[in-house]
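Hi,

Here is the structure I promised to pass on. Have a look at it first, and then read my notes below.

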Amino acid sequence: MAQVGNEEQVIREIMNALSGSARYMADEIRSTFSKYVDIYRGVSGFETQQVSLGTVENKRVFLIQSSITEPNYDPNNYLVNAFKGFFSINENFFPTYLMGGIECYMQSAPSESTGVRVSGSMVSIYNGVESVEDKDLGQVICAKKASIKFSDNVTSEVSASPSDLFKAAFDVINNVRSRFGNIRDDFVNTYGFEPGDMTLTGNEVMLSTLFDLSMSSTMKDYIQRVFSSIVPGQVPELMGLGLLCGAQPDLVFSYDDTERILVLGHPHKVSSGDCLKYSIIKYA
């Protein structure tokens, strides 16, 4: 029992250190990307510090976004009800994931500012752009974007207007955030920043925020050093911090060598009940 107690203490100390570092990174993002966080708030009605870097059509972009995931079919799912007026939805074809945000192009522009694109099981909606003159990045053009992933490929033509789909997307994101407002408050009280992603599976509710470690060499070096004995020589690229409620929480500390993912967590009591406070670190 002493060994178990010691393991829990170590995990709690590591989680507290990661949480503090993430709060610092969230504050840095809020400061560095303040103009874009404001644009996102204007689009969505709420704030997030979930920013990732990437490329779209070989153009450098950064994305500020939040998401809802419902991996299993249920006719009462939030995503099913949000989009059943636009798509023919059933147990074999239903929305499993929704992302809403802004996709910002540095010294370039999206190929189209308004429209609906279909690629396999993903439907991407573009609903206009906002331009920013940034003293560090030059002209930045931010596309207002939502993406819906379905359980199977989209084979029929999407006839709905981008504005209607975009409104439905953010309506359901806000609806889910409001419905689980107590757990969202627990997340904010636990970490000091807003959750970016929400996953609903049965009675389980998982809230998390993902940090792109390429945006902070200090954070990347710190994580690499802390876990060097467990994941030697590996470079971390993403870190997620989350709260899982609705399942019996237990101590977690594992590394998946195939996926290169480290998971650690511990039981955490909040106003919503006993939850799991956890971190997921993805290595390159």
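**Pockets, core and one threonine**

By class, the lining of the second largest pocket has 7 nonpolar, 4 polar and 5 charged residues. Here Ala, Val, Leu, Ile, Met, Phe, Trp, Tyr, Cys and Pro count as nonpolar, Asp, Glu, Lys and Arg as charged, and the others, Gly among them, as polar. A pocket is found on a 1 Å grid over the protein atoms alone: it is an open set of points where a 1.4 Å probe fits, with protein on both sides within 12 Å along at least five of seven lines, and lining residues have an atom within 4 Å of a point.

Before going on: this is a predicted model, so local features need pLDDT of at least 70 and side-chain atom pairs count only at pLDDT 80 or more, while totals for chains, interfaces and linings use all residues. Residues are numbered from 1 along each chain as its sequence is written, and side-chain values use heavy atoms, with hydrogens and water left out. The average pLDDT (the predictor's confidence in each residue, from 0 to 100) is 94 for the protein, and 98% of the residues score at least 70.

Back to that second largest pocket: its volume (the space filled by probe spheres set on grid points joined across faces, edges and corners) is about 280 Å³. Among its 16 lining residues, Thr32, Phe33, Tyr36, Asp134 and Leu137 lie nearest the centre.

The largest pocket holds about 380 Å³ of space. Gln50, Asp197, Ser208, Leu210 and Gly240 are the closest to its centre, out of 23 lining residues. Which strand gives the most to this lining? That is β8, with 6 residues (strands are DSSP runs of E, at least two residues, numbered from the N terminus). The lining of the largest pocket splits into 11 nonpolar, 9 polar and 3 charged residues.

Now the inside. Beyond its neighbours within four places in sequence, Phe83 is in contact (heavy atoms within 4.5 Å) with residues including Ile89, Pro95 and Leu98.

Finally, find Thr96 in strand β3 (residues 95-106). Is Thr96 buried or exposed? Thr96 is buried, because its relative accessible area is 13%, and buried means under 20% with a 1.4 Å probe, protein chains only.

Cheers

Terms used:
Helices (H or I, at least four residues) and strands (E, at least two) are DSSP runs, numbered from the N terminus. Buried means under 20% relative accessible area, exposed over 50%, partly exposed in between (1.4 Å probe, protein chains only).
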